[in-house]
Amino acid sequence: MGGAVGAVVVLLLGAPVLLGLVGVVLPAFGYLPALGGESLTLDPWRQLFAEPGLWTAALLGLSSGLLATLLSLCLVIALLAAGPLWLRRGLQALLAPLVAVPHIALAVGLTFLIMPSGWLVRFVSPWPSGWERPPDLAFPQDDLGLSLILGLVAKETPFLLLMALAALPRLDEEWRLAMARSLGYHPVTAWLKTVLPDLLRALRLPLAAVLSYGVANVEMAVILGPNTPPTLAILILDWFRDPDLAQRFLGSAAALLQLGIVLFALALTWGLALGLGRLARRLAADGRRGQGRLLLPAGLWLALPPLLALTLLALLVLFVWSFAARWRFPDLLPVWSLETWQRQGESVALLTGQSLALALCSTAIALLLAFALLESRRPARQRAAEPWLLPVLALPLLVPQIAFLFGAAVAALQSGIAAPWFFVLWGHLLFVLPYVYLTLAGPHRGLDRRYHQQAISLGKGPWRVFFTVTLPLLRAPLLTAAAVGLAVSFALYLPTVLLGGGRVVTLASEAVALSGGGDRRLLAVTALLQALVPLLAIALAIRLGRKRRFLP
Amino acid sequence: MTGGEGLRLEALSLALRGEPLFAPVTLTVPPGRVAAIVGPSGCGKSSLLLALCGLLSGPFTVSGEAWIESIPLLQLPPERRKLGLIFQDPLLLPHLSVAENLAFGLSAAAGRRGKGERAAAIEEALAQIRLPGYGKRDPATLSGGQRARVALMRSLLAEPRALLLDEAFASLDAGLRQEMRSFVAAILRERGLPALLVTHDQADAEALAEQQVELAFVQQNT
C-alpha cells in the first residue's frame, strides 16, 4: 500500500512539475504547435540574448537572492553562536507567527515603512531631519535591489532560525559546548567548531528553498525590487502575459535561463558549503581555542532585534493605513476613518473567502496525503521510502515557480477542461503538501511505537488505533501543520495567477495588482487581511496545541 | 587557606533556587590519586562537576571554594580552568575523523602549532590508547570502548590539571569497564593528575578511589 500512496504523490506532484518544465523547454526551442511553432529553432534564444538589460536583470535576481540568503544565514549563525540565551528563548515564541506573515503583506508593509513618505521618514520629520516634504529618494525599488534584499532577509531570517532551532535538539548542542569549553574553548569558537558543521548539514533543504525563492521570486521583486530593469523573473512574467502570443517563445527561453541561474546559484552555494565544511574541519583540528577574536563578526546578532522590529512595524503600518482617511506628510498618524473597510468590505470579504476556500481545501487534502504517506510506511519499510520521497516533495520548492508553472498552465489550457479553480487548487497543493508533510514527519517518526503495539495487542484494528492513539498523540503537530498549510496557501501568488488564468482572484493576487499604484488604503486592507488570517491560524494552533487534558 | 598540591574542595555546595542540594563537601585529591563522589541519582553529583568546570548556569548557585594547584578555580572563566571533563557519552564530533577529534583537544600552545608537530602528537596519542592507524576512521565505526578511550585522550591532549569523570564508565559493559578503569588509573599515576569520579556504581568507586564522599540530600529543617 505504501507504494500506491507514493505513486499517487509522484503523479500528483512530480509529474506535473516535469510536464510543466517540458512545456517550457519545447517552446524555448521554437516548438509550440498551437502558436504555429512546428520546427526546432534557436530563434527564441537569439531574441532573448538581444533583449536590452537582460544580463542586468539576471544578475539582479542572482545577486539579491544570494546576498539575502547569505545574510540571513549569517544572522542566524551569529545569534546561535554568540547571542544571549534570553534573546534566543524570547524569539522562539515569536518565530512561528513571524514566519506565517506572507511575503506580499510583508513587502507592502515594508514599502509603507521605508518609502520617502513612509513611517520611518515621518518619525524623524520635520524634526530633526528638516524635511517638510518627502525627500527625493529612489527607495524602495532602488536599482541595486537593496530594498528587495532587505525584504528577503526580513522574511527568510525567522524561517531559517525556526528551522535551526528545530534541528538543534538533535545535535546535543549543550553537551558539545560543555565538552569543548572544558577543553578550553571560548564559547563562540566552541559553538562554531562543534555545532555549526552539523547544523549546516541539517539546514541544507531549507537553505536551498530560500535561495531558489530569493533568486527567482516574482511577488517580492515586483513590490520591492528595481524597475529599470526589474529582475529576470518579472521580465519572464511580462513576456508570458504579453498580448502578443509570440512573446511566449521568448518567455520560455528566459524561463529556462532562469532555471539555469537557480541551478547555478544552488551549485555555487553547494560548492561553497563543501569548501566551508573542509575548512571547518581543518580549523577544528588546529586546536586554537579562539580567545575572543571572533567576537566582532559574532556581534552581528545585534542586527536581529531591529530587523524583527521592522517586520512588526510593517504589520502595524498596514493596520494604520487601512484606517486612514487622509495622511499628510509629515504627520505621524493619519486622520482616522472606517471608510475603506465599509466601502470595500464586501469585495475584500469575497477575496478572503476565496483565499480561505483554497487554503482549507489544499490543506485538508495535504493532511490526508501526508498521513497516508506516513502511516503506509509504518512499521516495516520506514526508511525505504524516504530517499525518493523527499526529492519529489521538495521539487516544487527548489525548481523556480516561474520555470514550470507556465508550462503547467499551458498544459491545463490545452487539456480543454475549463476548471480554473481546480487547477489553482492543485497549484496550491503542490506547495502546501511539502510543508505539511515535513511538519508532521518528525513528530510522527518520534512517536513511541509501544503505544501502538499496546493498542493492537488489546485487539484494536488499524483504524481504531489511528483515531484513538496516533491522532491524539499528534494533536499539537497536526494543528501546527494545518496552520502552516494555510499560511503557505495564503502566501501563494504565481500558482493562482498563472493556473487560474486571471479568473481566480485571491487576497495575494489582488494585493500584488494594487501594489502597482492603486489605492493605498485598499492595498493596506488587502495585505493586512492576507497577513492576519495566517497569524490567527498559527496563534490558534499554538493555543489549542498547548491545551492538554491532564497536565504532566 | 590555600589549596596546596592537587585538587582541593572546601565546603563546596550547590543550591537550586536558594535550596541547598547537598551538605557542603570538603576533600583533597593529591596528584595521581582518585576521589569518588557517590550518591543516589538526582542528588546533584553531575552538577557538582559542571560547577567545578564553570558550566553550570540557570537557577544554580555555587558556594564554597575550590583550588587546583593552589589556583582558586571558581573565579576563572570556564575555558581557563583546564579541567578535563569526561562524560558517559564520549561525544566524539560526528563531522570529524578520529584523528581530527583528538586534534580538537590537542592544545595549540607553543611547539604544537606546526602541521608536522601536531600530526606526530596525534600518532603518539593514538598509540597510547592502543588505536594506532585509526586516525582516518569515522568515529561512528569504533566500538564503545574505543570511543571512550578516544574521548579520554582528547581531554588529556588539552593538558588538563585534573580529570573529572562523570559516570564515565556507565555505558561500557562489565569486561570493558574493568579494562577502562585500569587504563585510567595507569594514566593518572603516570601523569600525576588528580581525578574526581562521580558515580552511582559502588564497584567503580571501590576499584579506583582511595577516598569516597557520599553526597546526601540535605535534610529540610523547616
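**A tour of chain B and its neighbour**

Start by selecting chain B: residues 24 or more positions apart account for 72% of its contacts with a separation of 6 or more. Keep in mind that this is a predicted model.

Now switch to a cartoon view of chain B, where you can find six helices and 10 strands. With a radius of gyration of 18 Å, close to the 17 Å that the globule rule gives for 222 residues, chain B is as compact as a globular protein of that length. Of those 222 residues, 44% count as buried.

Next, pick out the open sheet of five strands in chain B, whose order is 7-8-9-4-10, with parallel pairing.

Zoom in on strand 7 and strand 8 (residues 162-166) of chain B, which pair in the parallel sense over four bridges. Select L83(B) and you will find its bridge partner, A162(B), in strand 8 of chain B.

Then show helix 1 (residues 45-53) of chain B, which packs on the sheet and touches strand 4 (34-38), strand 7, strand 8 and strand 9 (195-199) of chain B.

Finally, bring chain A into view. Which residues make the contact? Chain A gives 21 residues and chain B gives 27 residues. On the side of chain A that touches chain B, select helix 8 (173-182) of chain A: this helix supplies the largest share, six residues.

Key. Residues are numbered from 1 along each chain as its sequence is written. Chains are lettered from A and ligands numbered from 1 in the order in which they are written. This is a predicted model: local features need pLDDT of at least 70, side-chain atom pairs count only at pLDDT 80 or more; totals for chains, interfaces and linings use all residues. Helices (H or I, at least four residues) and strands (E, at least two) are DSSP runs, numbered from the N terminus. The radius of gyration is taken over C-alpha atoms; the globule rule is 2.2 Å times the number of residues to the power 0.38. A residue is buried if 20 or more other C-beta atoms lie within 10 Å of its own, exposed if 12 or fewer, and partly exposed in between; C-beta atoms are placed from the backbone. Two residues are in contact if their C-beta atoms, placed from the backbone, lie within 7 Å. Two strands pair if DSSP finds at least two bridges between them. Axes are lines fitted to C-alpha atoms, for helices over the stretch in contact, and angles run from 0 to 180 degrees between N-to-C directions.
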